[in-house]
Amino acid sequence: EAYFAGMLLPVALHLFCVIAAVSALGREFRDRTVDAWLASAGGSLPRALIGKLAPLGLVYLLLSVGLVVTFAGWRGWPPAGSLVLWVVAIAVLMIVSVTIAIMLVGLTINLRRALSLTGFYVATGLAFSGFSYPRAAMGEAAQWWGGLLPYTHYLPVQQGQWLGGASAGAWVHGMVPLLAFIAVPLLVGLPLLARAVRQPARW
């Protein structure tokens, strides 16, 4: 339970968080309610996105903390490393989930296609993370694809604190690529969304 559930449940939360965020954002385009949504935020797209996605992200953040508390508290398995660093890492994963949703909706401006991309991109995270098959034994294409998935970078950070007793320095090193999954999706998704909300014909 400690080994399998500890790796399966975070990727499930990651997937469900992306699905929820894509659904919340994509419905505005599907239902052609973008104008009203932006008007409720004073016409500011960043403010509208925060108002739309921050409550959702907070829910999944609380679920993630509950997962850590369950394993390290109620189930009685103390982490080999830092509990605080583990909580910070899984909180960042939930933020990454929301930014990926922004990117996927920005790329498609279509709820159905964005959800399809979610399945293709996020749901493959576990298979290519090294959880069930060592990444070093994968072919070059599989390793390349795994490197593009945030869960591939999150899992060793979690396992370092959960089971490995990794140092804070190792945690920082592992968090750098994970943080890139916040910056890059925003750099891609925000300009695309900003252009789409000014083009009602695309809704």
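Colleague: Why is Phe 120 called exposed?

Modeller: Its relative accessible area is 53%, and exposed means over 50%, buried under 20% and partly exposed in between, with a 1.4 Å probe and protein chains only. Phe 120 is therefore exposed. This is a predicted model, in which local features need pLDDT of at least 70 and side-chain atom pairs count only at pLDDT 80 or more, while totals for chains, interfaces and linings use all residues. Residues are numbered from 1 along each chain as its sequence is written, and side-chain values use heavy atoms, with hydrogens and water left out.

Colleague: What makes Trp 145 buried or exposed?

Modeller: Trp 145 has a relative accessible area of 17%, so this residue is buried. Tyr 121 also counts as buried, at 13% relative accessibility.

Colleague: How many aromatic pairs does the structure hold, and why is the pair of Phe 120 and Trp 145 called tilted?

Modeller: There are six aromatic pairs. Rings of Phe, Tyr and Trp (its six-membered ring) pair if their centres lie within 6.5 Å; planes under 30 degrees apart count as stacked, over 60 as edge-to-face and the rest as tilted. The centres of the Phe 120 and Trp 145 rings are 5.3 Å apart and their planes stand at 50 degrees, so the pair is tilted. This pair links distant parts of the chain, 25 residues apart: Phe 120 lies in helix α5 (residues 111–121) and Trp 145 in helix α6 (residues 140–147). Helices are DSSP runs (H or I, at least four residues), numbered from the N terminus.

Colleague: What makes the pair of Tyr 121 and Trp 145 edge-to-face?

Modeller: The angle between the planes is 80 degrees, and the distance is 6.0 Å centre to centre. Tyr 121 in α5 and Trp 145 in α6 are 24 residues apart. Phe 120, Tyr 121, Trp 144 and Trp 145 form one aromatic cluster.

Colleague: How do you know that the length of α1 is close to what is expected?

Modeller: The expected span is 1.5 Å times one less than the number of residues. With 27 residues, α1 is expected to span 39 Å, and it reaches 38 Å from its first C-alpha to its last. Just after α1, Arg 32 takes a positive phi of about 55 degrees.

How values were computed: Helix = DSSP H or I, 4+ residues; strand = E, 2+ residues; numbered from the N terminus.
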